[in-house]
Amino acid sequence: MFEKNDGKGVNAIQNKFTAMLKTSLHNHRIDYAIKRNRIATREFPLTDYTEIIGEEYDFMQAMIDYDAVKNALKILTERERKIIILHILEDKDFAEIGNQLGLSYKGTATAFYRAIKKLREVLGRYRDEF
């Protein structure tokens with residue numbers, strides 16, 4: 001019914017494929033853990049915000065600031081917005097973004113820094129935060 005895998009012929013190919021599959025799965029698990037760790041280091045539960053910003057933080061002012069940033073983002077082109085979001089929020093490097101949008105590394109970096117400059121000009125009072 002079952003034959004012992006002697007590692008020869010068809011079994012050798014099967015053994016190589018199994019080893020490749022195990023290695024691929026192992027590497028994917030490592031990449032996933034690294035990505036989750038990056039995200040976890042940037043995220044704070046809402047209860048922890050009080051320790052960072054204090055109890056008397058004015059959430060109405062935060063909403064006004066949010067609207068200011070939202071309106072400032074409207075001056076950017078669609079490509080610049082994508083680059084900003086992918087680089088800052090999704091933590092992708094310029095090479096990955098460039099591949100996704102069909103740009104070179106240098107073109108992506110230049111577009112990113114031009115977009116940041118536009119945002120600084122519009123937001124003015126938030127200049128030091130970028």
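Visitor: Where is the place of threonine 108?
Guide: Threonine 108 sits in helix 6. Helices here are DSSP runs of H or I with at least four residues, strands are E runs of at least two, and both are numbered from the N terminus. Before we go on, this is a predicted model: local features need pLDDT of at least 70, side-chain atom pairs count only at pLDDT 80 or more, and totals for chains, interfaces and linings use all residues. Residues are numbered from 1 along each chain as its sequence is written, and side-chain values use heavy atoms, with hydrogens and water left out.

Visitor: Why does threonine 108 count as buried?
Guide: Buried means under 20% relative accessible area, exposed over 50%, and partly exposed in between, with a 1.4 Å probe and protein chains only. Threonine 108 counts as buried because its relative accessibility is 0%. Leaving aside neighbours within four places in sequence, threonine 108 is in contact (heavy atoms within 4.5 Å) with Ile83, Phe94, Ile97, Gly98 and Leu103.

Visitor: Which residues of helix 4 are buried?
Guide: An α-helix has 3.6 residues a turn, so residues three or four places apart point the same way. In helix 4, the buried ones are Glu80, Ile83, Ile84 and Leu86. Their cover includes helix 5 (94-101) and helix 6 (105-123).

Visitor: What span does helix 4 reach from its first C-alpha to its last?
Guide: The expected span is 1.5 Å times one less than the number of residues. Helix 4 (residues 78-89) has 12 residues and reaches 16 Å, close to the 16 Å expected. Aspartate 91, which follows helix 4, has a positive phi, near 55°.

Visitor: Which residues lie nearest the centre of the second largest pocket?
Guide: Rolling a probe the size of a water molecule over the atoms shows where empty space is left. On a 1 Å grid over the protein atoms alone, a pocket is an open set of points where a 1.4 Å probe fits, with protein on both sides within 12 Å along at least five of seven lines; lining residues have an atom within 4 Å of a point. In this pocket, Lys35, Arg38, Glu90, Asp91 and Lys92 lie nearest the centre, among 11 lining residues. Helix 1 (residues 10-42) gives the most to that lining, with 6 residues.

Visitor: How many helices and strands does the protein have?
Guide: There are 6 helices and 0 strands, and 16% of the 130 residues count as buried.
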